[in-house]
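Here are my notes on this model, written for reading alongside the viewer.

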Amino acid sequence: MARIRFKNVRHAYPPPKGQEPVYALKEINQVWEDGGAYALLGPSGCGKTTLLNIISGLLTPSEGEILFDGVDVTSQSIAARQIAQVFQFPVVYDTMTVYDNLAFPLRNRKMNESLVKERVEQIADMLDLTTSLKKRAANLTADGKQKISLGRGLVRSDVNAILFDEPLTVIDPHLKWQLRSKLKELHQQIGMTMIYVTHDQVEALTFADKVVVMYDGTVVQVGTPVELFNHPKHTFVGYFIGSPGMNVIPCTVDNGQPVFAKNPLPIAQPVNKDLSGKLEVGVRPEFIDFADEGIPVNIEKVEDLGRYQVLTLKHEQETIKMVLNEDQTIPSENPKIQFNPEQTRVYCDGWVVEEAAHD
Amino acid sequence: MTKTQNNKAWWLVVPVLLLVAFNAFIPLLTVVNYAFQETFGNNIFFWEGTTWFEQVLRSSRFHDSLIRQLIFTGMILAIEVPLGIGVALTMPRKGPWVSVCLVLMALPLLIPWNVVGAMWNIFALPEIGLLGHTLNSWGIDYNFTRQPVSAWMTTVIMDVWHWTSLIVLLCYAGLSSIPDDYYQAAHIDGASRWAIFRYIQLPKMKRVLTIAILLRFMDSFMIYTEPFVLTGGGPGNTTTFLSIDLVKVALGQFDLGPAAAMSLIYFLVVLLICWAFYTIMMRNEEQ
């Protein structure tokens, strides 16, 4: 188990001939604590798998260092790093039994057979695989195979971290939930550092203590699920997390107050007056209410999702989404909306303009 | 809900049935017809029962060529399968060399069989052939037209040269279907090179390898053109394999009855071995 630290890690894949290299990872400086459950969340192509492969040693970064407990492992081999990895598609050794699969990493390290047995049985018990130990691995279902992949990581006691690369992609929805709770449970039981890559916000938010949101090769925010929801530091985080995502609408700033299409928007703390760059205001659909005074809107669409409704509103050319609880009603005439000042933020070139110290 | 019964679609199968009837079934029945009867021409036949079968099964000539055939097929399989796997493993997975290697590998397969025989015949001629002349100039007494061992070696090497590519290409296809994840997982599990081959590559190649071995078995068991052009079955009868022997009986001696009986026995042997091999391989799969 180890604390993982990235120092100025950058990575570019070899470019096609005659082209400048494009950095898949722009610059990563992070410290991930020992025993934490981290989720790397981001859209496809944001560099999260690249980062994962750098941790496991499948890739060597073009620049920068990666340290486990203060030891530079950048140039160490995969085996020397003691990392376990679970891949998107389950990897099992088809011809072996479940038992042999779980024993494989230990036998490769020349462990005593009686110790192997003890360890395999212990892990099989944790993963509910005891009854299928004698079965051939090829005959298991996808979730069973994925458990074996996971088990091969857990079986080694000297593992620094377990990496998951979208491990639930091929699992049936109802089993996904089970397996995810199992992972969470295992994390609490053995307290190993776990790093989980996904593009599914629900998976990330339910699995992790800390979610690392990545976008276009950089880490845009690291935080608990609540922090990410309440204080998105980047419009991407606001938009990516939450359903529907945060409203991001263009604005100007007048006297420290954002103004959207001539409507002043009250915010908790005035922002710095001289901002240059693309200015936007972000507010979550949950923090918009109907009011007597405010921005006049047209209601374009109402989607009833059971416990709440999602309204699509329009003011001039801008679309605004709003979430309405069951007990709230839609005004019949001239609807006007107001944003919750505490939850309205100004973003400059995508990044939040710090109005006050929070958390 | 009632289902409409309409069997008119079966008529669409008729062309295929006719085709199969004319190119497989009817010729086979003709052979069966000859195998149980004696004819002296003019379409006059006399019933002989199982006489021809008994004659063929008792003849030491048939036994000898069957044994030769089994040894030959065994030898080429023993060489081609490991060699083919080995070459497939060393071929590059990506990059510009992939297509170069594939084309080079495919080349021998594109050469007509009698041309292969003629090429090796000339190549191996003791006086003027590159191979034959070189061997003799090194002091190795080599003459495939006179020495049985030389003739056998040449035939086997010719077949290896001609057909190993088939196994290479099939194995290569099997290998390229293995996702990178498997190799990465194996590295993480600390697997040795041998363990990767034994537990990842070989199991993933199993299906294509089964097909490859079946194809090579059938083709080599029925080999005719190449040894016929190379050695003509000689020296003596030492490279007379089953097909060559069959043609000698049928067209050389015009013994249609025994030849037909021999054909049927030959056919059944091939069928039986293929079936047994395939069943064993697939039974393992299901365990």
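**Strands, domains and the chain interface**

1. Let's begin with a strand pair in chain A: E9(A) and strand E10 (residues 218-223) of chain A pair in the antiparallel sense, with five bridges between them. Within this pair, A:Val211 stands opposite A:Gly223 in E10(A). The two strands form a hairpin with two residues between them, and A:Asp216 in the turn has a positive phi of about 50 degrees. Please keep in mind throughout that this is a predicted model.

2. E9(A) has another partner. Strand E3 (residues 37-41) of chain A is joined to strand E9 (residues 210-215) of chain A by four bridges, and here the strands run parallel. If you want a place to look, A:Tyr38 stands opposite A:Lys210 in E9(A). So much for E9(A); the next point moves to a sheet.

3. In which order do the four strands of the open sheet in chain A lie? The order is E2-E1-E4-E5, with antiparallel pairing. Strand E2 (23-32) and strand E5 (71-72) of chain A are the edge strands, each pairing on one side only. Strand E1 (residues 4-12) of chain A pairs with E2(A) over six bridges, in the antiparallel sense. A:Ala12 stands opposite A:Tyr23 in E2(A).

4. Further along chain A you will find strand E12 (residues 252-254), which runs antiparallel to strand E13 (residues 257-260) and is joined to E13(A) by three bridges. The bridge partner of A:Asp254 in E13(A) is A:Gln257. E12(A) and E13(A) make a hairpin with two residues between them, and A:Asn255 in its turn has a positive phi of about 60 degrees.

5. E13(A) also pairs with strand E14 (residues 263-264) of chain A, again in a pairing that is antiparallel, over two bridges. A:Phe260 stands opposite A:Asn263 in E14(A). E13(A) and E14(A) form a hairpin too, with two residues between them; the turn residue A:Ala261 has a positive phi of about 45 degrees.

6. Now to the domains. Chain A is divided into domain 1 (4-230) and domain 2 (245-351). Taken over C-alpha atoms, the centres of domain 1 and domain 2 of chain A are separated by 39 Å. Four residues from domain 1 of chain A and six residues from domain 2 of chain A take part in the contact.

7. How much area do domain 1 and domain 2 of chain A bury between them? The value is about 420 Å², with 48% of it on carbon and sulfur atoms. On the domain 1 side, A:Val220, A:Phe229 and A:Asn230 supply 91% of the area buried against domain 2, more than any other three residues.

8. Which helix gives the most to the side of domain 1 of chain A that touches domain 2 of chain A? Helix H8 (residues 225-230) of chain A does, with three residues. By class, that side of domain 1 has three nonpolar, one polar and no charged residues.

9. Between the chains, 19 residues of chain B are in contact with 23 residues of chain A. Chain B and chain A bury about 1,700 Å² between them, 58% of it on carbon and sulfur atoms. In chain B, the residues that lose the most area to chain A are B:Ile188, B:Asp189 and B:Tyr199, together 39% of what that side buries.

10. Seven residue pairs between chain B and chain A, both at pLDDT 80 or more, are in polar contact.

11. Helix H8 (180-188), helix H9 (193-221) and helix H12 (256-286) of chain B each supply at least two residues of the side that touches chain A. The largest share of that side, seven residues, comes from H8(B). By class, the side of chain B that touches chain A has nine nonpolar, five polar and five charged residues.

Conventions:
Residues numbered from 1 in each chain as written. Chains lettered and ligands numbered in written order. Predicted model: local features only at pLDDT ≥ 70, side-chain atom pairs only at ≥ 80, totals over all residues. Heavy atoms only, no water. Contact = heavy atoms within 4.5 Å. Buried area = accessible area lost by both parts, 1.4 Å probe. Polar contact = N/O pair within 3.5 Å; in protein donor to acceptor, adjacent residues only side chain to side chain. Nonpolar A, V, L, I, M, F, W, Y, C, P; charged D, E, K, R; others polar. Domains from an automatic or database assignment. Pairing = 2+ DSSP bridges.
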